Amino acid sequence: MRKTLTLQNLGCASCADKMERRISKIDGVISASISFAAQKLFLEVEEGKFEKVVEKAQQVCRKIEPDCRIVY
Amino acid sequence: MTKRQKIDIAVIIATAIGLFILLIVPVDNSVKIFPYIAIYLLIGYEILFKAGRNIINGEIFDENFLMSIATIGAFAIAEYPEAVSVMLFYRVGEFFQDYVLDKSRKSISKLVDIKQDYANVDVNGELIKKDPHEINVGDIIYVKPGERIPLDGVIVDGSSSVDASALTGESMPKDMTKGDSVLSGCINLSGLLVIKVEKPYTDSNASKILELVEYASAKKARTEKFITRFARIYTPVVVIAAAILAVLPPLLVQDVSFKDWIHRALIFLVVSCPCALVISIPLGFFGGIGRASKRGILVKGGNHLENMALVDTIVFDKTGTLTEGSFEVSQIVPRNSTKEELLRVCAHAESFSNHPITESIIKMYGKEPDTRKARNVEEIAGHGIKAIFEDELVLVGNDKLMQKHGIKYDSVDEVGTVVHAAKGSVYLGYVVVSDKIKPDSKSAVENLKKGGVRNLVLLTGDSEKTAVHVAKEIGISNVYSSLLPQDKVSIVEKLLEGMGKKKTLSFVGDGMNDAPVLMRADVGIAMGALGSDSAIEAADIVIMDDKPSKIPEAIRIAKKTVRIVKQNITIALFVKILVLLLGAFGFANMWAAVFADVGVSIITILNAVRVYKGY
C-alpha cells in the first residue's frame, strides 16, 4: 500500500536524511523516502500495517525534530 | 507573519537592546554576569530546551546541542558578550533561514500545483463549492470561465476554449465542446462547461502529475546522496577535532592559555553543524524539477536531471517523435487488380490493428471494414499481417513479408512506408503511406548540436530511403533503418559501450512500444505522453506535448540546476573549511563561525532559488 504524507515543520535537511533511514527500518515498511524540499514522506507499507507504521514514524520524526508532525 | 515569528522577533530585539546596554554600562564583568545570564536564557532557552530534550531522546550532535555547548563554553571562559551575541546571531540567522526556506518551498509548490481545491456542483439550482474529494464518478460538475478543471471527465454541455499550458507548457488554447474529454489541471477560458466526472480526484490527471513531481523530489540525485553522506561524517569529525583542539595544545605546548584554545574549539563546534551543507541541495533539485514541469517536462527524479546535464548522445525513434506519426496514403498502385480492390483487401486484413499506418489505409478505404470477414489474423512484428479473407490467404506488409511467402512484388523506391498486398498467391500492388516531419524537429536538432550534444542518432523500422530522407531534412547524419523492435535495444547497447565516462545517452521515443529501449538508456524520454500512463511509467523524463524542441530545453534546465547545486556545495564547503582553518590558527571569531553556519545556508538557499526564477 502506497501513501503520501505531509511532514509539517521539517526544518533540517540532515534530520530528514536521518528520519528516512530510521523509518525505512520500521517493521512493515517496504520503502520510505522523504522529500525535504516538498516536505513529503512517501511510504510503501505492507497491507494492514499502515496505522502502526505511521504511529512509529511519527515517534521517529518527533525524536529527531520535536516540532515535526505527520499529517494526512 | 505567524504568532511564532512575532515572538521570535520580540525576543531577538529585547536581547539586542539588553546586550547593547550591558556593553556600554561601565560596571565590572563579575557584576554583569547575572544580567548576561538572564538575557542569554531569554534568547537561548528554546535552543537549550531542545538540546536537553534531544539528549534525553538519545540524539546528540544536533544543531541545538552544538550551539548550546559552544555558548555555555563561552560563558565558562568568561566571554559573556560573545556567548550572548553568538546565540543572538544564531537565532537571527535561523529566523531568516526558516523564512527563505519557507518562501522558496512555497513558490516551488505553487509552480507545480495544478490542482483545483474545489468543484462546483448544482444543489437545488444553486452552484455550491464542494471538496473535490467528495465528488464521485458520474457526478456532474460545473466549471466557470477562469477556473481550473478539478477532475477528469467528459463535457456534457457547453463549449469553451481550454488552456492546457499547466500540463504541456504550451499556451495555445484548444476549443472543446460536448463529447470531448477534458483533463484536470487545464484552465477553462471562456464558457461555462458542464462535465460528467470520469475519475475520482485522487486518480485524476492533476493529482497524479503533482504526486509524480513531488515523488521525484524524494528520489535523490548522486550529488545529494554524496553530500548527505558527507554531512553524516562531517559533524562527528569536526566535533572530535574540536575536542582535540581544546585539550592537546595546552598540554603539549608551554605558555599557551587554556582559554584561548577552548575558544578555538568552540568555534569548531559552531561550524560543525551540518545543515548549511545539505539544506540547499534538495531545494535546488526540486526547483529544477518544478521549473521543468511548468514547461510540460516531467522529470522523475533529481538523478535524471543530473544525467540529462551530461547527455552527449541522443537516440531518436523516428515515428511519432521527430515526425507527426499521423500517416496519410500518398500513392495507390494496383497490380492485377483495381485501386478499390487493393484498398478493400488491405483494410480488411488490417481491421484488427490499431497501428497508425493501418488506420490511414482504412481511412483511405472510406468504409468501415467488416471485421467478421477476416479470420486467423496474425500480426508478425517487423513484417506485417497475415489473415484469411474470403477463404484465401491474404498478406499485407513490407518486402520481407512478400519474400518470406515467395510472392513476386514490385521493388519500390519511394519516400514513405510501402505496404504490399497479396491474395492467394496473386500480387495485388502496393500503397505508399507517408508521415510529416514535425515543424520544430529541425530547430530542435540544431539547438541540441549547439548545446553540445555530440552524437545524434535516428532509429526506425522504416525503409532506408524514408529514414535517410527524414534524417537529411532535419540534420541528423547517423541513421539506422529497417529495424525490428529488438534491434533498437542492441543498437542502443552498442552505443552505450562506446560512451566516455561521465557522459550519458538518452533515448527519445513515444513510449508506446519502446519501453525496453527507454529503460536501457541512461535517460529515457517519452514524448507526447499527456494522459498516457504507460509511457509515463516507462520513462525517466516525460514530455507532455509532442514537441522535440522541449528536449534542448530540458537539457538547459538540467545543466542550470546542476551548476547551481555544485556552486552551493562549493560555497558551503569553502566557507566552512576556511573558517575552520582560520579558527584553528586563532584568526576567526565566533561571529564568523555563526556566519559559516546559518549565513551560508541562507546564501545557498537564495542561490538555489535562481534555478526556477529568471529564466
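A residue is counted as buried if 20 or more other C-beta atoms lie within 10 Å of its own. In this predicted model, helix H10 (residues 280–294) of chain B is mostly covered by that criterion, with 14 of its 15 residues buried.

Chain B is divided into two domains, domain 1 (119–207) and domain 2 (326–436). A distance of 42 Å separates the C-alpha centres of these domains of chain B.

B:Ser337 is located in the loop that runs between strand E12 (323–334) and helix H12 (339–349) of chain B. Because 17 other C-beta atoms lie within 10 Å, B:Ser337 is classed as partly exposed. Leaving aside residues up to four places away in sequence, B:Ser337 touches B:Leu342, B:Leu428 and B:Gly429. B:Tyr201 is 136 residues from B:Ser337 along the chain, and the C-alpha atoms of the two are separated by 55 Å.

Contacts between the chains involve 18 residues of chain A and 23 residues of chain B. On the side of chain A that touches chain B, two or more residues are given by each of helix H1 (13–24), strand E2 (29–35), strand E3 (40–45) and helix H2 (50–64) of chain A. By class, this side of chain A has 9 nonpolar, 6 polar and 3 charged residues.

How values were computed: Residues are numbered from 1 along each chain as its sequence is written. Chains are lettered from A and ligands numbered from 1 in the order in which they are written. This is a predicted model: local features need pLDDT of at least 70, side-chain atom pairs count only at pLDDT 80 or more; totals for chains, interfaces and linings use all residues. Two residues are in contact if their C-beta atoms, placed from the backbone, lie within 7 Å. Helices (H or I, at least four residues) and strands (E, at least two) are DSSP runs, numbered from the N terminus. Ala, Val, Leu, Ile, Met, Phe, Trp, Tyr, Cys and Pro count as nonpolar, Asp, Glu, Lys and Arg as charged, and the others, Gly among them, as polar. A residue is buried if 20 or more other C-beta atoms lie within 10 Å of its own, exposed if 12 or fewer, and partly exposed in between; C-beta atoms are placed from the backbone. Domain bounds come from an automatic or database domain assignment.
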